[in-house]
Amino acid sequence: MLELYLNNPSDLVLREAKALPPIAEDEVKLKIVYGGICGSDLKVYKGLISYAAYPLRPGHEVLGKIIEAGKNVPHKVGARVVVFPNTFCGTCEYCAQGKTNICTLKQPIGVSSDGVFAQEVIIESKYIVPVPDGIDDERAVLIEPFAVTVHALKKANIQKGNSVAIVGCGTEGLFSVALANKFGANITVIDINPTKLAIARRLGENVRTVHPKDIKDELFDVVIEAAGVPESIEQSMNIVKPGGTIVAIGITCDPVNYPALKIVRSEVTIYGSIIYTLKDFAEAIEYLKDSTFDLSPVLSKIVPYTEFHQAFEDALSGNFAKIALKF
Ligand SMILES: [Zn+2]
Ligand SMILES: [Zn+2]
């Protein structure tokens, strides 16, 4: 059984894994089918996440098939499932409110513990979600990253005809384009990368794309900040209408200038949004059941997992949207 393993930042190898132990009553063994490479995998790969626990096995966006199930597991052998890759305690103040995404004991797998980029993995069954038959494998591997967008866009309550600016065309920005388009918004996508802007235009009928420098005095009802660099966060606060809403998905550790005068006097609402809950997974699956809702432009390519090195470098190049490994 082979696994990807990150000995240290940039030192990613394919190696023979230790034999898996017998599964417990509440665990399943999965054969991994596809694994999506996420921005956070790239940050772990590059050594940009301070709490990443090297050495570790990366990966968290996977579709797998159950090949063994413990006796207390409610799912059958053969079921296709995706992994819910952020553990939660279920008992803290936030979990008690259903906000498992901000659980004080949350652990992102593939960052602070071993992830799932391997031929086979064992996982607690509470962290797997069955995929309905109507969603094929290539759509199913998008459920986890798309759930991030579902969680975020709900906060803005986007209505038909709203002007929505989406800042940043990474995976979450691109998914935001598709979902805001489904809500009937008038969408402006802002990014410096023409390749990504071209992908954004394929996600809706009426998607306008611009370089950040080409936004002058225009203001938007809703701004989705999905770039996570200081300039884009500052631009997001500048381009929101009085009374408007910003949803912040992008993350940076760098300082950002906060326009207190505008935020207060214009009654701007800023929501932070981090990952998802199981409810968001269920909603993401509902959206994906609709075959006319096309997210396929976001999946740039699928490559054999043995070509992981090129796949990670391609993902870093900025010339692709999502890249998935086929295990
Ligand atoms: Zn991810
Ligand atoms: Zn908790």
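**From hairpin to sheet: a walk through the model**

Strands β1 and β2 form a hairpin with two residues between them, and Ser10 in the turn has a positive phi of about 70°. Strands here are DSSP runs of E of at least two residues, helices are runs of H or I of at least four, and both are numbered from the N terminus. β1 covers residues 2–8, β2 covers residues 11–16, and they pair in the antiparallel sense over six bridges. Two strands count as paired if DSSP finds at least two bridges between them. Leu2 stands opposite Glu16 in β2.

This is a predicted model: local features need pLDDT of at least 70, side-chain atom pairs count only at pLDDT 80 or more, and totals for chains, interfaces and linings use all residues. Residues are numbered from 1 along each chain as its sequence is written, while chains are lettered from A and ligands numbered from 1 in the order in which they are written.

The protein chain is divided into domain 1 (2–142 + 295–326) and domain 2 (148–272). These bounds come from an automatic or database domain assignment. The C-alpha centres of the two domains lie 28 Å apart. Domain 1 gives eight residues to the contact and domain 2 gives 11. Contact requires C-beta atoms, placed from the backbone, within 7 Å.

Now the sheet. Six strands form an open, parallel sheet in the order β12-β11-β10-β13-β14-β15. β12 (207–210) and β15 (269–272) stand at the edges with a single partner strand each, so one side of each has no neighbour in the sheet. The twist averages 20° from one strand to the next. β14 (residues 240–248) pairs with β15 in the parallel sense over four bridges. Ile246 has Ile270 in β15 as its bridge partner.

Helix α5 (residues 171–182) packs on this sheet, touching β10 (163–167), β11 (186–190), β12 and β13 (220–225). Its direction makes about 165° with that of β10. Angles run from 0 to 180 degrees between N-to-C directions, and axes are lines fitted to C-alpha atoms, for helices over the stretch in contact.

Helix α4 (residues 143–156) packs against α5 at about 60°, with the axes 9 Å apart. That makes α4 oblique to α5; angles under 35 degrees count as roughly parallel, over 145 as roughly antiparallel, 65 to 115 as roughly perpendicular, and the rest as oblique. Which residues meet? Pro145, Phe146, Val148, Thr149 and Leu153 in α4 meet Thr171, Glu172, Phe175, Ser176, Leu179 and Ala180 in α5.

Definitions and conventions. Two residues are in contact if their C-beta atoms, placed from the backbone, lie within 7 Å.
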